[in-house]
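I begin with a single side chain and come to the chain as a whole towards the end.

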Amino acid sequence: MTIAACYISAEGVVLGADSTSSVMINPGPGLVGFHYFNHNQKLFELGEHGTIGILTWNLGGLGTKSYRTLFAQLADDLQKNRPTDLTGVATRWADQFWKDYDTYQLVQRCKALAAMSPHGQPAVAGIGQRNEQEENEFKQLKEGLVAGFCLAGYWLPDRTPGGFTLVFDPLAPKPAPQALAINSSYAWGAPNLFRRLIKGIDDGLKGDILASGHWKGAPAELEAIVTKYALGHAILPIRDAVDYVYSCIHSTIRAMKFSNLFQICGGPIELAVITTDRNFRWIRHKTWDSAVNEG
Amino acid sequence: MTTQPKHSEDAANPASGDTLQQPEPIRAMQEHFYRTGYYRPEDVTRVLGNPRDTVEVTAGVGLPAAARTYK
C-alpha cells in the first residue's frame, strides 16, 4: 500500500511517497500471505535532468516490466518525438502504459473472471460462474490491479507548473489524464486516513451514517455539519509545501503503525521538488545501499 | 482515586479501547487476516479507502469547499 502526495504551487511542484511494497507470497499449498519490503521506489524523475516527476501507487509493476524501465522508455520517446505541452506528456504515458497494462496476464485474468457470474448468486445461462476460490481471486485482482500515476512539473518552453493524475482500472477503459489545480494538494493510496485528518471524516463513514436509518436529514445537511470541522491550508511557500507533503505521508504512516492493522506502508519517505526555475531535484532519496544498511 | 475497569466490564463496551474486546467488524477483519494471510478487499477499502480515489485540498478557498474528493 502506497502513500503518495503532491502539492502544486505557483513556485513549482512537490512530490512525495513512502517506500514499502507488499509482495504476495505462497508459502505452501493453499497458503497465501504478504511480505513487506521497505526500500521500493515510487517516485521517479522522468529522464535525466528532466522537469517532470512521476508518482506511482497501488500496483507496483507489470511483472517482467518495471515502472523504472517503462518511464525510461517514455523519456526516450519524448526525446524523439517531443509533445507540445504537459498534457501531451501525460497522454503519451497513458497511451504507452495502456498497451502493456491491457495485455498484462493478470489484467486479462481479471477480465475473464469478470465475464463470469458471481459466486453465491443464481447462475446465468450461457456463462460460467465463479467458484468460491475464483470469487476471492477476482476481488483481490479487481483492487490490486488498479495502477495510479501522478505526472507533475513543467514542460518547456512553458514554465507554468502543473500535473495530471491517471488511474488505470483492470475493468475500465484507458483513462484520460485528469488535470491538477494550482495551489492544491493531493493524496493517494490510503485516502481515508488523509480525509479523516483534513476533513474529520471519510466518505465511507458518511455513507454509513446516511444509510443507518438514524439520520433523518438530507445528505447536504450532514455535509454542512462535517465541513464545519474541515481543515484547509493556506497558499504555502514551496519549502512549507515540502513540509506539508512530508507531514501528510508521515502522519499516515504513523497512523498505520499505531493501528491494529499490519504496517503496510512506511520505510523512508522520498521527496522531490521541481521548481519553475530549475530541473527535478531530490530532497530526500534513498541511497542504493539503504536496504543493506537496514540489516 | 480511579480504578481500572475489569475485562468483564469491558465486554459490554466495545468502545472501551481494550484490545482484547474489539468491535466485531475489527475482530472479523483480524481473524480473516490471521487465517488466510491477507486482508479482505472490503476491509482494506473500508479502513484505508479506495485506491482509485484522490483527496484534493485547495488552498485559499472557504473552509466548506476547501476539502473535496473525486473519483
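1. The side chain of A:R195 makes a polar contact with the side chain of A:N192, at 3.0 Å. This is a predicted model, and the distance should be read with that in mind. A:R195 sits in helix 5 of chain A, which runs over residues 191–199, and its relative accessible area is 1%, so it counts as buried, the cut-off being under 20%.

2. Helix 6 of chain A, residues 203–211, can be inspected at both of its ends. At its start, a side-chain oxygen of A:D202 comes to within 2.9 Å of the backbone nitrogen of A:G204. Just after this helix, A:G213 adopts a positive phi of about 90°.

3. What joins A:L156 and A:P157? The link between these two residues is a cis peptide bond, for which omega is about 10°. A:P157 belongs to the loop that lies between strand 7 (147–155) and strand 8 (158–168) of chain A. For context, most residues other than glycine have a negative phi, and most peptide bonds are trans.

4. A:H49 has a positive phi, near 55°, and is found in the loop between strand 5 (43–45) and strand 6 (52–58) of chain A. With a relative accessible area of 66%, A:H49 is exposed, because the threshold for that class is over 50%. A:N58 likewise has a positive phi, in this case near 75°, but A:N58 lies in strand 6 itself, and at 25% relative accessible area A:N58 is partly exposed.

5. Once neighbours within four places in sequence are set aside, A:L106 is in contact with A:L141 and A:L145. A:E132, by comparison, is 26 residues from A:L106 in sequence, and the C-alpha atoms of the two are 18 Å apart in space.

6. Turning to the fold as a whole, chain A has nine helices and 12 strands. Among its contacts between residues at least 6 apart in sequence, 62% join residues at least 24 apart. Of the 295 residues of chain A, 47% count as buried.

7. On overall dimensions, the C-alpha trace of chain A spans about 60 × 50 × 45 Å along its principal axes. The radius of gyration is 21 Å, which agrees with the value near 19 Å that a compact globule of 295 residues would have.

8. As for the surface, the accessible area of chain A comes to about 14,300 Å², and 55% of this belongs to carbon and sulfur atoms.

Conventions:
Residues numbered from 1 in each chain as written. Chains lettered and ligands numbered in written order. Predicted model: local features only at pLDDT ≥ 70, side-chain atom pairs only at ≥ 80, totals over all residues. Heavy atoms only, no water. Helix = DSSP H or I, 4+ residues; strand = E, 2+ residues; numbered from the N terminus. Rg over C-alpha atoms; globule rule 2.2 N^0.38 Å. Buried < 20%, exposed > 50% of the residue type's maximum accessible area, 1.4 Å probe, protein only. Contact = heavy atoms within 4.5 Å. Areas by Shrake-Rupley, 256 points an atom, 1.4 Å probe, with all protein chains shown as cover. Polar contact = N/O pair within 3.5 Å; in protein donor to acceptor, adjacent residues only side chain to side chain.
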